[in-house]
Amino acid sequence: MKEVVLKIKGMHCEGCSTRLEKVLNNQDGVEEAKVSLEKAEANIKFDETQTSVDELKEAVEDAGFEAE
Ligand SMILES: [Cu+2]
């Protein structure tokens, strides 16, 4: 199990962070994702045999946000 913290750009309200959290939790290999609107961060625990940081960033971007 790996853990990564991504900086997220483009979240404006609770609705955005809740939506992104759902998207991330639905990704294959994600054990747990927590998104903080205040910190503009996503904290993701994932199985590196099933997904990768690049794939997670792509999911964030597909949801309409920017990830660093
Ligand atoms: Cu919003």
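This is a predicted model: local features need pLDDT of at least 70, side-chain atom pairs count only at pLDDT 80 or more; totals for chains, interfaces and linings use all residues.
1. **Sheet order.** Four strands make up an open sheet in the order S2-S3-S1-S4, and their pairing is antiparallel. Strand S2 (30-36) and strand S4 (66-67) are the edge strands, each of them pairing on one side only.

2. **Pairing of S2 with S3.** S2 and strand S3 (residues 41-46) are joined in the antiparallel sense over six bridges.

3. **Pairing of S1 with S3.** S1 and S3 also run antiparallel and are joined by six bridges. Here Val-4 has Ile-44 as its bridge partner in S3.

4. The covered face of S3 consists of Ala-42, Ile-44 and Phe-46, whereas Glu-41, Asn-43 and Lys-45 form the uncovered one.

5. **Phe-46.** This residue is placed in strand S3. Phe-46 counts as buried because it has 23 C-beta neighbours inside 10 Å, the cut-off for a buried residue being 20 or more. Not counting residues up to four places away in sequence, Phe-46 touches Lys-2, Gly-29, Val-30, Glu-31, Thr-51 and Leu-56. The C-alpha atoms of Phe-46 and Lys-7 are separated by 16 Å, the two residues being 39 residues apart along the chain.

6. **Placement of the helices.** Helix H1 (residues 14-25) lies across strand S1 (2-9), S2 and S3, and runs at about 165 degrees to S2. Helix H2 (residues 53-62) packs on the sheet as well, where it touches S1, S3 and S4; the direction of H2 makes about 30 degrees with that of S1.

7. **Helix H1.** With 12 residues, H1 reaches 16 Å from its first C-alpha to its last, close to the 16 Å expected at 1.5 Å a residue. Ser-17, Leu-20 and Leu-24 are the buried residues of H1. Seen down the axis of H1, these residues fall within an arc of 65 degrees, so they line one face of the helix. An α-helix has 3.6 residues a turn, so residues three or four places apart point the same way. The face turned away from the buried side of H1 carries the exposed residues Glu-14, Gly-15 and Lys-22. The cover over the buried residues of H1 includes S1, S2, S3 and H2.

8. **Helix H2.** In H2, the buried residues are Leu-56, Ala-59 and Val-60. Viewed down the axis of H2, they fall within an arc of 100 degrees, so they line one face of the helix. Asp-54, Glu-61 and Asp-62 are exposed on the other side of H2. The buried residues of H2 pack against S1, H1, S3 and S4. Gly-64 follows H2 and has a positive phi, near 100 degrees.

9. **Nonpolar core.** Which residues have the most contacts inside the largest nonpolar core? They are Ile-8, Leu-20, Ala-42 and Val-60, in a core of 15 residues. At least two residues of this core come from each of S1, H1, S2, S3 and H2. In soluble globular proteins, nonpolar side chains tend to be buried together.

10. **Leu-20.** Leu-20 is one of the buried residues of H1. Leaving aside its neighbours within four places in sequence, Leu-20 is in contact with Ile-8, Met-11, Val-35, Ala-42, Val-60, Ala-63 and Phe-65.

Notes: Residues are numbered from 1 along each chain as its sequence is written. Two strands pair if DSSP finds at least two bridges between them. Two residues are in contact if their C-beta atoms, placed from the backbone, lie within 7 Å. Axes are lines fitted to C-alpha atoms, for helices over the stretch in contact, and angles run from 0 to 180 degrees between N-to-C directions. A residue is buried if 20 or more other C-beta atoms lie within 10 Å of its own, exposed if 12 or fewer, and partly exposed in between; C-beta atoms are placed from the backbone. The arc is that of the directions from the helix axis to the C-beta atoms. The expected span of a helix is 1.5 Å times one less than its number of residues. A nonpolar core is a set of buried Ala, Val, Leu, Ile, Met, Phe, Trp, Tyr and Cys residues joined through C-beta atoms within 7 Å.
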